[in-house]
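Let's take a walk through this protein together. Have a look at the model first, and then we'll go through it piece by piece.

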Amino acid sequence: MILLLWILNTIIAIIFYQILCHVFYLEDIHFIQFTNTEFCAKVAWYEDFVKNALIIGIIACFDISTVLRVHHITKKVRTRSGQDASKFTARDIRFLKQAVFQGSIFLLELLTYFFIPQYFANKWIIFFGTSFAWVAIHAADGIVVIVCNPEVRKFFWRKKVVQVHSVTETAMTIS
C-alpha cells in the first residue's frame, strides 16, 4: 500500500511539476514560482496549499484523539488503583501543546507562503514570508520538540561523562 502511494505521488508530481507546470526561481524577488497559467495556479493551490493544510488538520485530529485515548486508558488504570482519574497528566498536556504548536507553525508557514506574494511587492518581505519561512519552519519544529519535552532537554544539556579505558598487557614466561 505504501509503495503504491509512493508510486502514485511520484507520477502526479512528475506530471504536475515537470511536464505541465514548471517550477522556477525568480532571482529578483527570491521566490520559487510555478509557470504563470490559470491551470498551474490551481495546481499550486490544491496540490500544495489545500493538500498540506488538510494533512496538518488530519495530523492534529490524530494527535488530539491519541491524547484523549491515552487519557481514557490512564483513567481506567488510575480508577483501579484509587488515584484521581479525572486529571490529564503533565505528559498528556505537554504532548497536546506540542501538537498544537507544531500544527500552528506549519499552518502559519503555509499561509505566509501562499498569501504574502499576493499582497506585497517588496522583495525582502516576499523572501522572508516565503523562502525563509519555508526553511525556518523546520528549525522551529525542532525548537518546539525541545521546549515541550523535558526528556529531550535533559539529553542535550546533560554533562557528558568521558570514560577512559586502559588496557595493560603483561608478559608471562614459562620456564
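Predicted model: local features only at pLDDT ≥ 70, side-chain atom pairs only at ≥ 80, totals over all residues.

Residues are numbered from 1 along each chain as its sequence is written, and side-chain values use heavy atoms, with hydrogens and water left out.

Now the layout. The protein has 6 helices and 2 strands; helices (H or I, at least four residues) and strands (E, at least two) are DSSP runs, numbered from the N terminus. Follow the sequence along and you get the pattern α-β-β-α-α-α-α-α. Of the 175 residues in the protein, 21% are buried, where buried means under 20% relative accessible area, exposed means over 50%, and partly exposed is in between (1.4 Å probe, protein chains only). As for contacts (heavy atoms within 4.5 Å), 52% of those between residues at least 6 apart in sequence join residues at least 24 apart.

The UniProt record, an unreviewed entry, carries the annotation "transmembrane region" for residues 6-26, 99-120 and 126-148. Its positions are given in the numbering used here, feature names are shortened, and annotations may be inferred rather than shown by experiment. In the model, residues 6-26 are 71% helix and 19% strand, with end C-alpha atoms 30 Å apart. Residues 126-148 are 96% helix and 0% strand, and there the end C-alpha atoms lie 31 Å apart.

One nonpolar patch of about 850 Å² includes Leu3, Ile7, Ile11 and Phe39. Patches are made of residues with over 30% relative accessible area and no salt bridge, with like charges joined within 9 Å and nonpolar side chains (Val, Leu, Ile, Met, Phe, Trp, Tyr) within 5 Å. Helix 1 (residues 2-20) gives the largest share of this patch, 8 residues. Isoleucine 11 sits in that helix and is partly exposed, at 43% relative accessible area.

How many salt bridges turn up in the whole structure? The search finds 3, each a side-chain nitrogen of Lys or Arg within 4 Å of a carboxyl oxygen of Asp or Glu. Glutamate 38 pairs with lysine 42, their closest N and O atoms being 3.8 Å apart. Both lie in helix 2, 4 residues apart, about one turn of the helix. Glutamate 38 is exposed at 61%, and lysine 42 is partly exposed at 46%.

Glutamate 47 belongs to helix 2 (residues 38-81) as well, and its side chain forms a salt bridge with lysine 51 (3.3 Å, N to O). Glutamate 47 counts as buried because its relative accessibility is 18%, whereas lysine 51 is partly exposed at 35%. Beyond its neighbours within four places in sequence, glutamate 47 is in contact with Ile12, Phe16, Tyr17 and Lys42.

Finally, glutamate 151 and arginine 94 meet at 3.5 Å, N to O. Glutamate 151 lies in helix 6 (residues 150-157) and arginine 94 in helix 3 (residues 90-119), so this pair ties together parts that are 57 residues apart in sequence.

Methods:
Areas by Shrake-Rupley, 256 points an atom, 1.4 Å probe, with all protein chains shown as cover.
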